[in-house]
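Please look over the chain shown below before reading on.

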Amino acid sequence: QMQLVESGGGLVQAGGSLRLSCAASGRTFSTSAMGWFRQAPGKEREFVAAIRWSGNIVYAESVKGRFTISRDNAKNTVYLQMNSLKPEDTAVYYCAADTSTTQALGDLITSRVYNYWGQGTQVTVSS
């Protein structure tokens with residue numbers, strides 16, 4: 001079992017920055033792939049970024065160059081640093097874990113490979 005708790009969301013002006021955190025319980029964090037997804041009102045959940053246990057990273061094209069995913073295995077925490085925020089980044093951001101250790105990096109853009117999800121944290125970017 002793994003529990004994920006996101007924090008760090010809030011209201012920010014366009015061009016601003018936020019850092020999301022996702023604290024994980026359980027001993028499998030260090031070998032799990034971790035991902036961030038987001039869902040805007042009326043839209044489907046979409047992939048944002050993911051990081052494998054090895055440190056390999058993949059980003060959605062829409063956030064590449066603005067967002068940075070990282071992990072601290074000693075703290076069982078994954079982060080999403082979001083810079084140059086835009087109004088279209090407004091969404092509920094979810095943290096997810098894939099404990100299988102078998103997924104290829106490219107597979108991590110798909111929500112179905114993740115077996116644990118957090119409750120989400122709201123990010124609102126005003127224009």
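Two residues are said here to be in contact when heavy atoms of theirs lie within 4.5 Å. This is a predicted model, in which local features need pLDDT of at least 70 and side-chain atom pairs count only at pLDDT 80 or more, while totals for chains, interfaces and linings use all residues. Residues are numbered from 1 along each chain as its sequence is written, and side-chain values use heavy atoms, with hydrogens and water left out. Helices (H or I, at least four residues) and strands (E, at least two) are DSSP runs, numbered from the N terminus. The word buried stands for under 20% relative accessible area, exposed for over 50%, and partly exposed for what lies in between (1.4 Å probe, protein chains only).

**R71, a charged residue without a salt bridge**

- R71 is found in strand 7, and, leaving aside its neighbours within four places in sequence, R71 is in contact with F29, S30, S32, A33, M34, I51, R52, W53, T77 and V78.
- R71 is buried yet has no salt bridge, and the nearest side chain of opposite charge, that of D72, is 8.4 Å away; in this count Lys and Arg are positive and Asp and Glu negative, whereas His and the chain ends are not counted.
- Polar contacts are pairs of N or O atoms within 3.5 Å; within protein, one atom must be able to donate a hydrogen and the other to accept it, and residues adjacent in sequence count only if both atoms are side-chain atoms.
- The side chain of R71 reaches the backbone oxygen of F29 at 2.6 Å, and a polar atom of the R71 side chain lies 3.2 Å from the backbone oxygen of R52.

**Salt bridges**

- Side chains of opposite charge can pair when their charged atoms come close.
- A salt bridge is taken to be a side-chain nitrogen of Lys or Arg within 4 Å of a carboxyl oxygen of Asp or Glu, and by this rule there are four salt bridges.
- R38 forms a salt bridge with E46, where the closest N and O atoms are 2.6 Å apart; R38 counts as buried at 5% relative accessibility, whereas E46 is partly exposed, with a relative accessible area of 35%.
- R38 also meets D89 in a salt bridge, at 2.9 Å from N to O, and this pair links distant parts of the chain, since R38 lies in strand 4 (residues 33-39) and D89 in the loop between strand 8 (77-82) and strand 9 (91-98), 51 residues apart.
- Both R38 and D89 are buried.
- The side chains of E61 and K64 meet in a salt bridge at 2.7 Å, N to O; E61 is exposed, with a relative accessible area of 62%, while K64 counts as partly exposed at 45% relative accessibility.
- Salt bridges that share partners join R38, E46, R66 and D89 into one network.

- Strands of a sheet pair through backbone hydrogen bonds, either parallel or antiparallel, and two strands are counted as a pair if DSSP finds at least two bridges between them.
- An open sheet of four strands has the order 1-3-8-7, with antiparallel pairing, and its edge strands are strand 1 (4-7) and strand 7, each of which pairs on one side only.
- Strand 1 and strand 3 (residues 18-24) pair in the antiparallel sense over four bridges, and the bridge partner of E6 in strand 3 is C22.

**Strand 9 and its partners**

- Strand 9 is mostly covered, for seven of its eight residues are buried.
- Seven bridges pair strand 9 with strand 4 in the antiparallel sense, with Q39 standing opposite V92 in strand 9.
- Strand 9 also pairs with strand 11 (residues 121-126) in the antiparallel sense over three bridges, where V92 stands opposite Q122.
- Strand 10 (residues 116-117) runs antiparallel to strand 9 and is joined to it by two bridges, and Y116 in strand 10 is the bridge partner of A97.

**Positive phi in two loops**

- N76, which lies in the loop between strand 7 (67-72) and strand 8, has a positive phi of about 50 degrees although it is not a glycine.
- S84 has a positive phi of about 50 degrees although it is not a glycine; S84 lies in the loop between strand 8 and strand 9 and counts as partly exposed at 40% relative accessibility.
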